[in-house]
Amino acid sequence: MKPYRPLAVLALFLSVMILPFGRLQAADSWAAWRWTSFASLGEAIGLPHITTTAVVRARDGTMWIGTRGGLTRYDGQRVRTFKQRQADPHSLPDNYVRSLMALPGGGVLIGTNVGGLARYDPQRDAFIRLKPTHGAIGARIFSFTPDGAGGAYIGSDGGVHHYIARLDRVDPMTDSAIPSPDGRPQGAFAVFRDGDGTLWAGSDHGLLRRAPGTRPFTHVPLGAHKPSGDVWSILRDRRGRLWVGTGSDGVFLSENGDPRHFVQLPTLTSDAPLIGHRTIRAFVEDRLGRIWIATDGMGIVLLDPARGFAASGLRHDMGNPLALAGDTVRALAMDDGGGIWAATELGASRTQGPGGGVLRIGSAMHDPRLSLADDNVRGVLVDRRQQIWLGFSNGSVDRLDRAAGQVRHLALAGHHAGQDIKALLESSDGSILIGARGVVAIDPRTLATHDLAIPELGDLPVISLAETKRDLLIGTYKGLYKRDRATGRVTVYRHDPADPRSLPNNEVINILPRPDGQVLVATPGGIGQFDPRSGRFVCYANRANDPYSLPQDYVGSMVPDGRRLWVGTYGGVALGRTTRDGWKFRAIGEAQGLAGDNVASLTPDARRRLWTASAGGISVIDPTSLHVLEMSQRDGMPMRAFNQRAAATMNDGSLLFGSPEGLMVLQPDLLLERRDRSDTAQLIVSQADINGRLLAIDSVARDPVVHLDRQGRTLRLGFSLTDYAAPEEIRYRYRLEGFDADWMTVPAGTPATAIYTNLPSGDYWLTLSAHVPGLAARTVTRQVRITVDPQWYETWPARIGLSLLLLVSISGAFWLVTAVIRRRADVLEAIVAERTSALRVANAQLDRLASTDPLTGLANRRTLMNEMEQAAERACRSGGGFAFALLDLDHFKRINDEHGHSVGDAVLVEVARRIQGAVRAKDCVARYGGEEIAILFPDTGLEIATAIVERLRRQIAESPVMAEHGPVPVTMSAGVAHWRAGNIAGDLMRRADEALYRAKRGGRDRVEQARDLERADG
């Protein structure tokens, strides 16, 4: 640790380390189990090089990632890569990108390794190379900082320079050069501008400062005995603290922003384990005020000033796919959702934005003392001391102590070994009862165990336990056992098919004693209301014609709510109310928004909201309105499978759910408060082209306008919501008002693109929509104006001219008729017939242009949708069906890359010709988009359609397409789906698309049938 002022450090520790840390420990008892997970982005999204070197959020919310092999723009769905092209002066000047900065007016500044400085101009879709008015800026551009006027200060190996945005030029700032000990100007690794205009710079010889209104930089000592040292990163946080990262001396901090008083925290010195003498490359402050510190080889150091500057290391772990991608972190950035991005040597990583509320505890935590004995949590219990007891499928029991920050393991021995532990109960005497093969009692203080002597039970597996004032109730697969605690007498209750007042089913899944002395028993045959005095049951099950009966017989969880009862079944959740005639139930299922009808467990939170775990995930039900919200991956949902009845609620409101993947902890208030936060994600037009030519468009313009001239026949608009939490969950659709009868839904997993061909002339509004699922579900819309120029024959002058010509012809004919009536009458009739025929031909041509694809001559997507609606109407009337196939040329991009786009177009045209010629006259062949071709088979079954497509596949694979340079082998993959009553076009197309995806994933050059969506019950 470097020497520093003792009084300053003492004050720092007393004021910001001890007191806040104590407050946090009281507030967050799960702190020891929290860990930061990352999503890695590398080859999966198509980065041009695995080593990433820079990252920045642009004005439109897209993320720009610099690598050693080019520059990438990522919008959550699609990647666009920019590379240096020697013959193009407007291409990227160097593929090795060192630094990036988004300009507030649009565009991005790019600093390269040997190519100097460039500005990306989104209006021109070009890179403008920037050079100083005189002198040299240097080859390596290390850093940028905004200048407060739309431009930037630049740190390079040539010193500090100023990019003036309004002049689009670089000022070399020679009169403000950074002096070195030998008097010569030196380079700057880091630059940072304060809000008051103070400019900071980091160099080989330490930290420098230039006050507003002054010219030269002056050295600022970082410690009493170390006036200089290489400085690589600088940040002033929202609290006014100044952070300085060095090349080999760790991190320095000026707590009050005074440049005369720098100190070092013990965790951030050069020899601290988290720093390890590595270069500090970057800082970023997140929305919670935490400081993320990028190191050159030790990953990321996460520092939380609110927790007394508590520091933790985030490192790469080859065995953990959710760890940081690499330990050499060159840059950090924050996106619209508060997520932190890191550029590492093994790809880019992103972590979710702050918010918390969800964590997973498993068998492989970062600290073995915090790890569970197994991941498959089958039973959960919270005792009166708020100790957490967990039962596992391997016959072990854990006690999780949050106050001590540790987990104790207990493996049951003897005939209990390996038995599923589903039932846990805190007895009235304080012991913990465990259902194994029989019942085991655990002393919670010593963890000593002994078997309860219940000879009648033998070694039956115990799956549920409950206790009344008099009895211990034991549920097994062979009935309900009642043991009198005073006498030890055991009574067994079993199902009797001849007795409707017996136990509904011998498998006793759950037992719930009621305040009135009655006991509710959950079984696969419904609920039995048990009267311990009479030994009789009143049974409640599903009755087909009774809307107030249970929605399904299989009952697992039961949660009391005053006079109401929440019940989890395999048919959804049932809300029960007592009446004079017994229990009446109201069903809440998938139709009401529940994540899944197969309900595994229920538990209430402190505000009486009911949280349900099912095969589809986690849902929460409002107890008053019964409104349902569903969790999604963006809410931090770490798992999808949950175990039966493995749920509990703690006094602090924490909810526990057992899963085959560990223990999930939810903090409802933290989780739900996200709904009140403003979200800055933008719905942008991220890519546009007309006739295949890229169109420069301002992606965040308030009212963007796309203009199609007479030659612009095919328009493609790619759009995306800049929300990176779980972009695969966002669902997109679009609608062109005045043209589309309904919304066009984008299939899941497909980049959102609106495609239109041969639009009639006029003005249109294209509405784009993105639906974000989750507890804070929302729909974001945006409109784009599209103007289409008329063809020459659609213009008013042309129409007036044609009308005048027709009028003159008729007038002349009429004048001539007065002289030669009969002969001119024949001429007039001929002229009218000729004009009428010409108009019919023109109208036919317009109809053909509006319904066909200009390249292949196939029907376009609009025609396909019309044909599909007609086929569906015919099928509904006749009771028949039809099939739909989606075909995609394999490796079509490779054909374009290797042979050129002209050959690619020729291949597509030839394949379209072959398909059109090989199908039946009644079949509709259409270009679906890009290299995808769709075929509609009216009045055709799935097997016949599949056979036709398979024959097409073989014919195309066996006959290469002849191009000017020789034969081009072509194969295709296809997915075939069949229409069923009740389907909509979007469902049919999605199922065909999913089948096509399986064909692609299965090796290509194959045909797959869509899978039937109907699932067997149970």
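I count Ala, Val, Leu, Ile, Met, Phe, Trp, Tyr, Cys and Pro as nonpolar, Asp, Glu, Lys and Arg as charged, and the others, Gly among them, as polar. I worked on a predicted model, in which local features need pLDDT of at least 70, side-chain atom pairs count only at pLDDT 80 or more, and totals for chains, interfaces and linings use all residues. Residues are numbered from 1 along each chain as its sequence is written, and side-chain values use heavy atoms, with hydrogens and water left out.

**Entry 1: the second largest pocket**

I looked up the lining of the second largest pocket and found 28 nonpolar, six polar and eleven charged residues. A pocket here is an open set of points on a 1 Å grid over the protein atoms alone, where a 1.4 Å probe fits, with protein on both sides within 12 Å along at least five of seven lines; lining residues have an atom within 4 Å of a point. The volume of this pocket is about 1,300 Å³, taken as the space filled by probe spheres set on the points, which are joined across faces, edges and corners. Of its 45 lining residues, Val 56, Leu 100, Phe 144, Phe 283 and Leu 332 lie nearest the centre.

I then noted the strands, which are DSSP runs (E, at least two residues) numbered from the N terminus, as are helices (H or I, at least four). Those that each supply at least two lining residues include S2 (52–57), S10 (141–146) and S25 (329–334). S6 gives the most, with six residues.

**Entry 2: helices H5 and H9**

I found H5 (residues 861–878) and H9 (residues 985–1001) packed at about 115 degrees, with axes 11 Å apart. H5 is therefore roughly perpendicular to H9, a term for angles of 65 to 115 degrees; under 35 is roughly parallel, over 145 roughly antiparallel and the rest oblique. Axes are lines fitted to C-alpha atoms, for helices over the stretch in contact, and angles run from 0 to 180 degrees between N-to-C directions. Arg 861, Met 865 and Met 868 of H5 make the contact with Ala 985, Leu 988 and Met 989 of H9, contact meaning heavy atoms within 4.5 Å. I class these residues as five nonpolar, no polar and one charged.

**Entry 3: helix H7 and its partners**

H7 (residues 901–918) packs on H8 (residues 942–958) at about 140 degrees, with axes 11 Å apart, so the two are oblique to each other. I list Val 911, Arg 914, Ile 915 and Ala 918 in H7 as meeting Arg 951, Leu 952, Gln 955 and Ile 956 in H8.

The axes of H6 (residues 892–899) and H7 come within 6 Å and cross at roughly 135 degrees. H6 is therefore oblique to H7. I class their contact as five nonpolar, four polar and no charged residues.
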